[in-house]
Structures are given as structure tokens and as C-alpha cells.
Amino acid sequence: MSVLNTDSCLLKSDLGSDPIEQFKIWFNEFKLAMENSGNSSLDALYTVNICTCGKDLKPSSRMVLFKKVTDEGIIFGTNYESRKAQQISENHNVCLTFHWPIVGRSVRIEGIAKKTTEEESDDLWNRRSIASQLASASSKQSSELENREELTNNLINTYKIHDVTIEEIDSNNNNDNKIERPDFWGGYIIIPEYYEFWQNGPNRLHDRIAYRLNNDKKTYNIQRLSP
């Protein structure tokens, strides 16, 4: 393919003025490509990297599963006592990276993280299977463990507290029984201030289109960036 071939390039005119709507379009195209490939598991579809940085100015990143895309932003659930939550409490600025190699695209979002409402957190919690709820309720996320046995014992104790047996979970992982959401677990919403849509191009002539939130906090300045 010629380096000057523009048949498959990404133009500013190809994208809409609302970046969250453009994100939804790209995400739906990614989901369709994954479904057509036979790989449509939730883990494969909803994985995103989130990078946080606390007051020590040392960034850390990890993969999480986001649960919702709303007009306000991207929502995911986590343990409020985890390292990521501690860093968010010290510095609300975060960065998300969605990597979709099957369609040759990625999206990067920089924004502000804030806790969701109690109602939203309850909704996120109740979307989980009881097995997932019990595992989350039993884990002191990011704390140190002596060994694997301590982890499994914590889970077994949580089963006992909620009067649930391992056999019940193994026989029907998606049953309708739920446990109450613990106070240390809840949702975050990432409110975007910057988006970057990246599309793979020939000979490393990739396309990068950035949306930067204007001072009116409503509209975006859209620019092309060098790859």
C-alpha cells in the first residue's frame, strides 16, 4: 500500500462533534467485530486500562471492567479501599485507555473521577452474580496476604456470614440471590475533559484526532495530531 494512500485514513469530517457519542459508535463497531470473530465475552469487550496518580506523583495502572457509558462519562465499580481508590482520593485526574486491535483502533480519555451515587453503586453491585459479590465482599483489595490460603479462608468466612454454601454457588453461579453491597465497594464515573481517537494507518502513518473540552465545559476543540 502506498504511504500516500488515503482510502482508509481517518478524517476529522468522519467524526461527530460529540466525543461521547463518537465513542459509543466506535465501541459498537468493536463489539460487532468481536461478535463476528466469536469472542464476545464481557471481559474481552469491557476491559479498559485506568491510570491513577496519588500525591506521591507515582502513577500506577491496571485493567478494570467498565460497566456503563452515559452522556456524563464512563462508569466502573471497585473497592473504595483499594490503591486506585486511595490515589483517586488524593488526585481526581485519571486516564483511561481502550485498546481494540481487532479494528485497529484505540481511544484515550483523560478526565476527573468522582464517586457515583449510592443508587448507582447499588445498581452496579446488583448486576454482579452472587459469586462475584461474595468474592468482592471478602477481599481487602490491594492489602498484603500471607499466602493463598488466607485469601480462600476469607472467602469461606464470607460465605458463612451470608449463609451460602460453595455447592450452591457452583451449581448455579447466576442465581437471583444477592447480598447487600458493602460500604467499601461502589462506583466511579470518569467525567471526560479530553478524548483522543487513534486509528491504525499504513507504514505508521496513524491517525490521531483529539477533542479538548473548551472553557464553556460544553463544546470541544477538535484537532488532528501527529502520529
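Student: What should I know about the model before we start?
Tutor: This is a predicted model, in which local features need pLDDT of at least 70 and side-chain atom pairs count only at pLDDT 80 or more, while totals for chains, interfaces and linings use all residues. Residues are numbered from 1 along each chain as its sequence is written, and side-chain values use heavy atoms, with hydrogens and water left out.

Student: OK, how many helices and strands does the chain have?
Tutor: The chain has seven helices and eight strands, where helices (H or I, at least four residues) and strands (E, at least two) are DSSP runs numbered from the N terminus. Taken along the principal axes, the box filled by the C-alpha atoms is roughly 65 × 40 × 35 Å.

Student: And how much of the chain counts as buried?
Tutor: Of the 227 residues, 40% count as buried; buried means under 20% relative accessible area, exposed means over 50%, and partly exposed is in between, with a 1.4 Å probe and protein chains only.

Student: Switching to rings, how many aromatic pairs are there?
Tutor: The structure holds 20 aromatic pairs. Rings of Phe, Tyr and Trp (its six-membered ring) pair if their centres lie within 6.5 Å, and planes under 30 degrees apart count as stacked, over 60 as edge-to-face and the rest as tilted. One of the pairs is F27 with W100, whose centres are 6.0 Å apart and whose planes stand at 40 degrees, so this pair is tilted.

Student: Where do F27 and W100 lie in the chain?
Tutor: F27 lies in helix α1 (residues 19-37) and W100 in strand β4 (residues 93-100), so the pair ties together parts that are 73 residues apart in sequence. F27 is buried, with a relative accessible area of 6%, and W100 is buried as well, with a value of 1%.

Student: What about F66 and F98, how are their rings arranged?
Tutor: F66 and F98 form an edge-to-face pair, with 5.4 Å from centre to centre and 85 degrees between the planes. This pair links distant parts of the chain, since F66 is in strand β2 (residues 59-69) and F98 is in strand β4, 32 residues apart. Both F66 and F98 are buried.

Student: What does R105 do with the ring of W26?
Tutor: The charged end of R105 sits over the ring of W26, 4.2 Å from its centre, and for K115 the charged end sits over the ring of Y80, also 4.2 Å from the centre. A charge sits over a ring if NZ of Lys or CZ of Arg is within 6 Å of the ring centre and within 35 degrees of the ring normal.

Student: Last one, where is S8, and how far is S8 from Q199?
Tutor: S8 is in the segment before α1 and is partly exposed, with a relative accessible area of 39%. S8 and Q199 are 191 residues apart in sequence and 9.5 Å apart in space, C-alpha to C-alpha.
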